[in-house]
Amino acid sequence: MGSSGGRHFGVAGSARPLAGLAMVVAIVAVVALAVYLFQGNYRDTAGVTVISERAGLVMNPDAKVKMRGVQVGTVESVAHRADGTAAIELAIDKDQLDLIPGNVGVDIASSTVFGAKSVMLTAPADPSAEHLREGQVLQGDRVMVEINTVFQQLVSVLNKVDPAKLNETLGAISTAFSGRGEQFGQSLTELNSLLAEWEPSLDNLSRDLELTAPVAGAYGDAAQDLLRTLQNTITLSDGIVDEQQNLDAFLVSAIGLADVGNDVLGSNRQAVSEVLGLLAPTTDLLKEYAPALNCALEGMNYIRLQPPQMDPGVLVNVAFTLGIERYRYPANLPKVAAKGGPQCMGLPYIGFGNRSKYLVTDTGANPWQYGNQGILLNSDGLKQMLFGPLDGPPRNTAQIGQPG
């Protein structure tokens with residue numbers, strides 16, 4: 001059988017409408033996805049509130065929230081509060097919360113005075129250990145000045161200005177500058193030269209201005225003391241004025257004394273120099289034996305601080321010493337400039353019932369050089385002990401041989 005002409009609406013005929021419908025659906029899906037992505041509905045965000053003095057003229061939802069130039073979120077809404085401030089709700093990306101410190105600062109700024117506002121998160125000088133969290137409330141630090149604010153302030157100033165007086169002022173300024181352009185230009189040239197000379201010192205001037213605040217604070221803290229000092233100075237000045245005659249007399253006497261002293265010292269300069277030179281060995285010796293002198297003085301002070309005696313007088317510790325040799329000649333001749341060094345020998349406190357040790361030096365005498373510990377008989381001393389003092393010197397005074 002032969003096929004008849006015309007269209008066929010079988011399987012092949014329905015493919016094209018289905019393909020067209022699929023294309024339309026795909027286009028709609030792409031557009032919807034683009035709109036969805038553009039609106040940012042896919043982002044996982046956390047809500048943060050900023051309380052600011054004002055939000056600015058052009059602060060719209062979806063405004064960018066940046067930190068260090070990187071967008072970290074958007075503005076969801078701006079609401080006016082009853083106290084006149086603005087509450088700005090931010091949507092911060094949750095994956096950025098851990099990178100933002102909790103004490104972050106907030107500035108509302110724009111690229112120009114007419115541009116749209118954005119929220120700038122500023123890193124603090126001392127970042128906190130805690131990061132920004134969902135639901136946290138931040139305080140806005142600064143809002144960029146806008147052109148309407150400038151005009152508002154300008155209008156406020158112009159409302160306070162009297163046009164007639166302003167006209168007179170401008171007329172006076174015009175009269176003052178009329179015909180003086182050359183002088184004014186010369187003044188500007190000289191000012192420019194002066195500023196050029198100052199320019200190298202601007203760093204030092206800036207440093208001085210920075211230090212002015214702590215210096216002024218220090219003077220402020222010391223103001224009471226400074227005022228008290230000035231008051232005491234005034235009192236001292238009044239005292240000097242009241243005692244002016246006595247002060248004059250004192251100065252005249254001091255001048256006379258200086259003249260006399262100059263005459264005395266000048267005429268005896270050589271003798272004074274010799275005396276000071278002769279005193280040097282004595283002072284050196286005193287310096288060497290200063291520790292021993294200090295021990296003696298401390299011992300005397302210790303005795304001074306003891307409880308008072310029952311009977312007035314001087315307390316002396318006296319005891320018989322056994323086994324002491326008599327003076328022998330010439331072995332026991334006194335020696336000048338003997339050396340022994342400073343020795344305290346138990347001072348300043350020897351202790352009750354004790355006696356200080358004997359210091360053996362090269363003084364020419366040593367009572368214990370023969371080791372006598374018992375009673376050493378001395379016939380002359382024994383006779384004086386039994387019969388009292390005898391006339392004349394003791395026998396064998398020269399100590400030639402054995403005593404007796």
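Residues are numbered from 1 along each chain as its sequence is written, and side-chain values use heavy atoms, without hydrogens or water. Because the model is predicted, local features need pLDDT of at least 70 and side-chain atom pairs count only at pLDDT 80 or more, while totals for chains, interfaces and linings use all residues.

**View A. Strands E2 and E3 form a hairpin.** Here strand E2 (residues 64-67) runs antiparallel to strand E3 (residues 70-80), and 4 bridges join them. Strands are DSSP runs of at least two residues (E), and helices are runs of at least four (H or I), numbered from the N terminus. Two strands pair if DSSP finds at least two bridges between them. Look for lysine 66, whose bridge partner in E3 is glutamine 71. Between the strands lie 2 residues, and arginine 68 in this hairpin has a positive phi near 55 degrees.

**View B. E3 also pairs with strand E4.** E4 covers residues 86-93 and meets E3 in the antiparallel sense over 7 bridges. Valine 78 sits opposite isoleucine 88 of E4. This hairpin has 5 residues between its strands, with glycine 84 in the turn at a positive phi of about 95 degrees.

**View C. Helices H9 and H10 make contact.** The axes of H9 (residues 269-288) and H10 (residues 290-304) come within 4 Å and cross at roughly 60 degrees. Axes are lines fitted to C-alpha atoms, for helices over the stretch in contact, and angles run from 0 to 180 degrees between N-to-C directions. Leu286, Lys287 and Glu288 of H9 touch Ala290, Pro291 and Leu293 of H10 (contact means heavy atoms within 4.5 Å).
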